[in-house]
Amino acid sequence: MSNEAVLHAHEVSHDVHHGGHDGHHHHENFITKYVFSQDHKMIAKQFLITGMVWAVLGGLMSVLFRLQLGYPEASFPWLEDILGKWAKGGHISAEAYYALVTTHGTVLVFFVLTAGLSGTFSNFLIPLQVGARDMASPLMNMLSYWFFFLASIVMLSSMFVETGPFSGGWTAYPPLSALGDASPGSKTGMDLWLIAMALFVVSQLLAGLNYIATILNMRTKGMSMTRLPLTIWALFFTAVLGVLSFPVLFSGFILLIFDRNFGTSFYLSDIFISSVGALPNEGGSAILYQHLFWFLGHPEVYIILLPAMGMVSEILSTNSRKPIFGYMAMIGSLFAIAILAFLVWAHHMFVTGLNPFLGSIFVLLTLLIAVPSAIKVFNWLTTLWRGNIRFTPGMLFAIGFVSLFISGGLTGIWLGNSALDIHLHDTYFVIAHFHIVMGVASMFGMFAGIYHWYPKMYGRFMNNTLGYIHFWVTIAGAYLIFWPMHYEGLAGMPRRYYDYSVWESFKQFVELNRFISTVVIIVFAVQLLFLANFFYSIWKGRKVTTQNPWESTTLEWTTPIRPGHGNWPGEIPEVHRWAYDYGKDGKSFIPQTTPVGDDESEHH
Amino acid sequence: MDMAATNDIEKKRMHPHKFVLWIAMGSIVMMFAGLTSAYIVKRNDGNWLEFPMPSVFWYSTVTIIISSLTMYLAQKAFKAREMARYRSLISVTAFLGVLFAVLQFVGFIQLGHQNIPLFGVKSNPSASFLGIITGLHVLHVLGGVIALIVIFFRAHRTRVKSYNSVPVEIVGTYWHFVDILWIYLFIFFNMVGTG
Ligand code: HEM
Ligand SMILES: [Cu+2]
């Protein structure tokens, strides 16, 4: 972040430069249009496609390590062909297994569900839905993508180094992350992991600053904050969380870098490492890292979830042809979640020897999150209630999101009790909890968003039938994969083990693990179907012929079918009402740009 | 960002770039808040070396306060269109910024002479924290110096005369911000760090 001032200065010069050449037009060529584009819509697509590449890689990693978990005895010769020494004799090695689990986690949490999700939809929707021609600073926006791209390259390269990628878990706890000798992945792999994550943090900060400034500063005439669609509110809180919590992660990383490379003792103490002996460090504490990590880590899970919540609210309302139930309560609960997100990080540390009194405060604060969460669920369900529902693929995924959020939120309440957590911590119960409530749910939000806004992105529709197949297989698969994991976790099966079949007490789960792994493969295959649908439809999908195919009220549907840079060819439209006038006064919907009529019933 | 202007016709909103700066400052504050909280947590863990701040930090503190003053005067000169005066005040500010960085570095060397290494296996976290936190702060000051240099050269341009005060105000705000940040850190180190 130290170069922030530089960036500002740079950008300001750009600004003045423009001022000097008034009336000059953009000359777009391939490079400025598709590569170094400053158009928020193109940057959104760049985030989306890069996120998809990572989703495929990260998903493939999970398929590989699920093969190990489901078929620990079997040998797959083709694995040796693709993984080489990491799968000697067709058997994934322990090191490779840990590397796969770690990279899967890092990539899915940060690169897919943070950059791929909020990067795509904040970029795409913020200017279009608030009525702006572009972001507050298009240049910073472009830089944010390219920092993400660099982070991606570095992370990718870590998979090809001699000692393998980092393998100490996505949370990168010391000493595995702080000490090169601790494991093969702790050497170059960890260096690259840290560089990639530092670049990623810079990307997120540039992006977040821009989103906030755009939402607060660049709304069109008449677009008061309480007329904003809930997507924008959610993306706003997402950005606030990111801007305030990523710097803290960054400070944690800085201390880690010094411990790794400059012999300091923030996290390292005089522990004994079998190949090295006792360390010369004195008095460092790994718990300190956990505090810094989870101070980001918990807000991060909401950074992942809130965009999905926002889009789901919007899609549910549009496709139920009903106003969202409790608009202000939706904003209020987003706000409450954002505040509480900063006050609960220690629930990840109940069993670290945390003072039990302190623990009980964190139990209370953690369980408080259930209140705004329940408000949101209630409002979604009441929005659906007796709606005139249009089951588009986007709508199905939005409904699926609500289902998953309920299922996963309930297990959160179990974990939030520090006494129960003694038993459940670091078991498959936690894996089940966060995959359902965060991983799959946010994925569903992302799918919902893609199906819903695809016509605006590419001027074509995705294929509906494939969309339905995608939905049903994915939702059934997600529950079949993660539901049984609750039982494994309750039985005490720890997470992050390489081979459970050697434990007498977990032998009962051999069949179940094989079942889960089989479903994983099927669900992964169906995601490829989605990708095929996505890319095929860019060129061959059914063409959008009307400006507003979903009969929606929001501003993005007042732009041309394929909007250019600047979004609206003429003036930016003025807004006269909130975003949820569906089924009002006998009209199916009233766009935000329609002035309020004299005979209209109560008006927002 | 001509579009910003179009959007602003209706109401006089804060310039988007100024706004971005304010949020960026919030973000920087969070980074230092994270580090200083970690400092407190670590100190309470024990094995904490207490030592007085290097005396030269007093000089650097005075230096950065004066630089805020010159920055303030530079902004006034700019608004009054006294470009020559503005340019010299900007240069003085940038010079003081560099001087500040040098003095901080001298402080590190002083500590080294007292056998308090900041880094390396013999270092104590209390010294390492001091090194990292002040080091990061110096980087932010140097970022400000670069911004000053940019607006300095902008004032020299003869082809496009720009009396747009936004860039100057942005750099000014940032400069006062790093000044206040240092004062906070300095007080923090003196109160919490050394017994
Ligand atoms: C009612 C709401 C929730 C409560 C009370 C809750 C509580 C908890 C607790 C106590 C843990 C720690 C379990 C352990 O490690 O022993 C945990 C883990 C986790 N939760 Fe939640 N949670 C809730 C909702 C959510 C939501 C909405 C998300 C994401 C969008 C989420 C994401 C996660 C993740 C990613 C982890 C595991 C991180 C890891 O150890 O790798 N949780 N949750
Ligand atoms: Cu949490």
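**Stop 1: the metals**

Select ligands 1 and 2: the iron atom of ligand 1 sits 4.6 Å from the copper ion, ligand 2. Before going on, some housekeeping: this is a predicted model, where local features need pLDDT of at least 70 and side-chain atom pairs count only at pLDDT 80 or more, while totals for chains, interfaces and linings use all residues. Residues are numbered from 1 along each chain as its sequence is written, chains are lettered from A and ligands numbered from 1 in the order in which they are written, and side-chain values use heavy atoms, with hydrogens and water left out.

Now show A:His433. Its NE2 is the single protein donor to the iron of ligand 1, at 2.1 Å (donors are N, O and S atoms within 2.8 Å of the metal, or 3.2 Å for Na, K and Ca; water is not among the atoms, so sites may look incomplete). A:His433 belongs to helix α15, residues 428-458 of chain A (helices are DSSP runs of H or I with at least four residues, strands are E runs with at least two, numbered from the N terminus).

**Stop 2**

Which of the 270 core residues touch the most other members? Pick A:Trp380, A:Phe401, A:Ile450, A:Phe534 and B:Tyr86. Such a core joins buried Ala, Val, Leu, Ile, Met, Phe, Trp, Tyr and Cys residues through side-chain atoms within 4.5 Å; buried is under 20% relative accessible area, exposed over 50%, partly exposed in between (1.4 Å probe, protein chains only).

Next, center on A:Phe534. Beyond four places in sequence, its contacts (heavy atoms within 4.5 Å) include A:Leu48, A:Ile49, A:Met52 and A:Ile450.

**Stop 2**

**Stop 4**

Most residues other than glycine have a negative phi, and most peptide bonds are trans. Zoom to A:Pro174 and A:Pro175: the bond between them is cis, omega near 5°. Then try A:Arg386, a non-glycine with a positive phi of about 55°; A:Arg386 is exposed, at 75% relative accessible area. Finish at A:Asp585, whose phi is near 50°, in the loop between β3 (582-584) and β4 (587-589) of chain A. A:Asp585 is partly exposed, at 39%.
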